[in-house]
Amino acid sequence: MNQPSLGHVLQPKWRTALQRLREERARGPGRPIALALVGAVFWLAAYGVLYRILRYFRGVEELGPLLAGKLLGLVLLSFVSILVLSNVVTALSSFFLARDLDLLVSAPVDWLRLYLAKLGETLLHSSWMVALTAVPILTAYGVIYHGGWLFGPYAVLTVFPLLVLPAVLGTAITLVLVNIFPARRTRDLLSIIALGAAGGVVLLLRLVRPERLARPEGFRNLLDFITVLRTPTSPYLPSEWATQAIMGHLTGSLDPLPLALLWTTAAAFVTLGALLHRELFATGYTKAQEGAERFVRGEFWRRTLGLVLRPLPVAKREFVLKDIKLFFRDTTQWSQLILLAVLVVVYLFNIKALPLHRGEDVGFFYVTLVSFLNLGLAGFVLASIAARFIFPAVSLEGRHMWLLRSSPLDLRSLLWSKYWVGTLPLLVLALVLTTATNVLLEVRPFMMIVGLVTICALTLAIAALALGFGALYPQFETENAAQIPTSFGGLVFMMATITLLGAVIVALWQAVYQYVRAVYDRRVVVVGPDMIFWFVVAAAICAAATVLPLWVGLRRMERFEF
Amino acid sequence: MIRLENLSKLYGSFVAVDDISLTVGRGELYGFLGPNGAGKTTTLRIIAGILRPSGGRVLIGEDDVHRNPLVAKQRLGFIPDRPFVYEKLTGAEFLRFVAGLYGQEGDGVERRIAELLEVFELTSWRDELVEAYSHGMRQKLIISSALVHRPACIVVDEPMVGLDPKAARLLKDIFRQFVARGGTVLMSTHTLEVAEAMCDRVAIMQHGKIVAEGTVEALRRQTAAGNVSLEELFLRLTGGPRARELAEVLGGNE
């Protein structure tokens, strides 16, 4: 029997992608321009940082290429680790939970085509971001080490098998896991493992203080430094082969072996992966159809939070309870708290590692400055969290709007519930972050109060912006909450929040500068009309950024049609 | 109890619902029939307050669904054709949540939930997450949710889809008892035997318009169709498929 070509099996995917592109084009140039702009800023920033580091390395006699190779090895190793994790998670969806599987499995498509089609899909979905991140990094290497025009294609030739290997490995791990556990359980398990591991890697990378690599004078002697340089390499790691291939090309000592190793290993992996798929896919797919979680401890929330919320009207109370239950019963949602915890630890660690308190006057100025700018940084962290947890809130109700709109639930109550369910935990986090950093910085009471009041006002505004923009740019078709913040609306929300942070910081600086000046000149700090004026301006900005988005969001929700 | 006045709905230049008016009284079970894409679901979703009409209005009792939604919707229970339910709630939690949306709580609600779960044979599943429910069980849960607040009107889109014969029979009995006690049911269906057996009056929709309306008997008289079945009547009114073409399509692989 004639088998459909691989292109034919993948046709619905690329046709959907093309259609999306067409729809994007029809919407006008605003969205692509904004995305291109943000992409360019990110690329330039990554390129700039790498360029400076590599230029510095290049100036270090003898050790330079070693350091550059070491850095590239670390970067590629972390890429491969991330890719294995991300492929494991993606393979679970594309091989076992995707909606097109019923059609493909019931059609007379042979196992090899199905495997290659789904492997390609998994590879693309989990690797595109890493591949794009690699571009400015490798460009910086090419520019600093004069890689020439051949370096581009050579880098692609090197990186491609490096993407294939984790895809095959991740897929194989998933295949085995699904044969042991039911697919839905595996998904829960994997999201915890993946996020735990990602958090661990971030924590480890930060706590080992990689900035020491760039400051050899910080080591007791050269031997220590070289020991650090040599630690995590292994000749069996594909990332090491890729590093050797790239550095070989850049330093003029081209050796074809690493590249050959990469390609032959990738080919062997695909073959072995396909054989494993042939043996295990059918039983795994059958198992994937079963096994949703069943038993639930429903009374816990009613007896605890339900009692606390007793004074609220019943509709609001039930809505809040529902949102909290859904969050904690969905592993893909609550497991993100692991990353959040890591983020907070790293944040506080960074503040603690700052070289302040060296001289009294300079110390005071810098402490106040850092504490003040910390408001902006903390605001940015809160915005990222709001983007992940509050921005998708309206989108996630999309499929249930038939119920909410056909019931007498006031949309204001819905928005109110969503707002406070998101804002209260954010507010607690904001206060903890600001208090802890200010205590670590040993700021004076004036800055402590300014910091705490400002961060409260900012949190209320950021949460409102997240909810408002979430309603303005809803993603009703997306099932995965994690994908919603990466949409265009998420980008616009982040830009709006950055503008808000900038405006509030500029306004507040006028007041804080008067305080710093007074302390510096050893005058008594007087909270005069000028200072009060700027505090009022900052408060007005925050109030407007709270009320307006909620109002606009409500108007937009009233016009939703399903 | 349910009154549509010159209702219309446009999507760009496409007319989904074209100036329809009808009244469904208390104690009446009214059927909406029509081919796919005739505008039945859109009409029902406008009645339920999910879609806004481009023109005209919907009254539940004396209250406009779109001008005075909170009061009008209190009296309404809606059962959609493709319901999405919160997967991570249990059946009982879902019903409690829906009752809460209608401002109801307490022992009365708990008794009502237990009663509905018992009637639809879901009692042993009450503390299971909805994600573990089969399609038919979800459908039963949705129907329970439309009844949990004791509405005066039920608007239901394709009620029999996914139900086993026993549950379908149960639903028919529930609807009949509901209208016998003065309730109002407006339902769309493709199952013409159901419409013929259950509905006091039917409307046949095509291209967004009501092309015929009345009791099945009256429709037969209107079209001078003699003693034909509702199916035959439906096909005549909506220009149904030609049998020869159908046979050609079905025999295409021989």
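Helices (H or I, at least four residues) and strands (E, at least two) are DSSP runs, numbered from the N terminus. The model is predicted: local features need pLDDT of at least 70, side-chain atom pairs count only at pLDDT 80 or more, and totals for chains, interfaces and linings use all residues. Residues are numbered from 1 along each chain as its sequence is written, while chains are lettered from A and ligands numbered from 1 in the order in which they are written.

Select Arg317(A) to begin; this residue lies in helix H13 (residues 314-329) of chain A. Arg317(A) counts as partly exposed because it has 19 C-beta neighbours inside 10 Å (buried means 20 or more other C-beta atoms within 10 Å, exposed 12 or fewer, partly exposed in between, with C-beta atoms placed from the backbone). Next, display Leu309(A), Leu312(A) and Gly100(B), which Arg317(A) touches when residues up to four places away in sequence are not counted; contact requires C-beta atoms, placed from the backbone, to lie within 7 Å.

Move to chain B and select the open sheet of six strands, ordered S6-S7-S8-S3-S9-S10 with mixed pairing; two strands pair if DSSP finds at least two bridges between them. Strands S6 (76-79) and S10 (209-214) of chain B each have a single partner strand, so one side of each is left without a neighbour in the sheet.

Finally, select strand S9 (residues 201-206) of chain B, which five bridges join to the antiparallel S10(B). Here Ala203(B) stands opposite Glu213(B) in S10(B).

Conventions
Contact = placed C-beta atoms within 7 Å.
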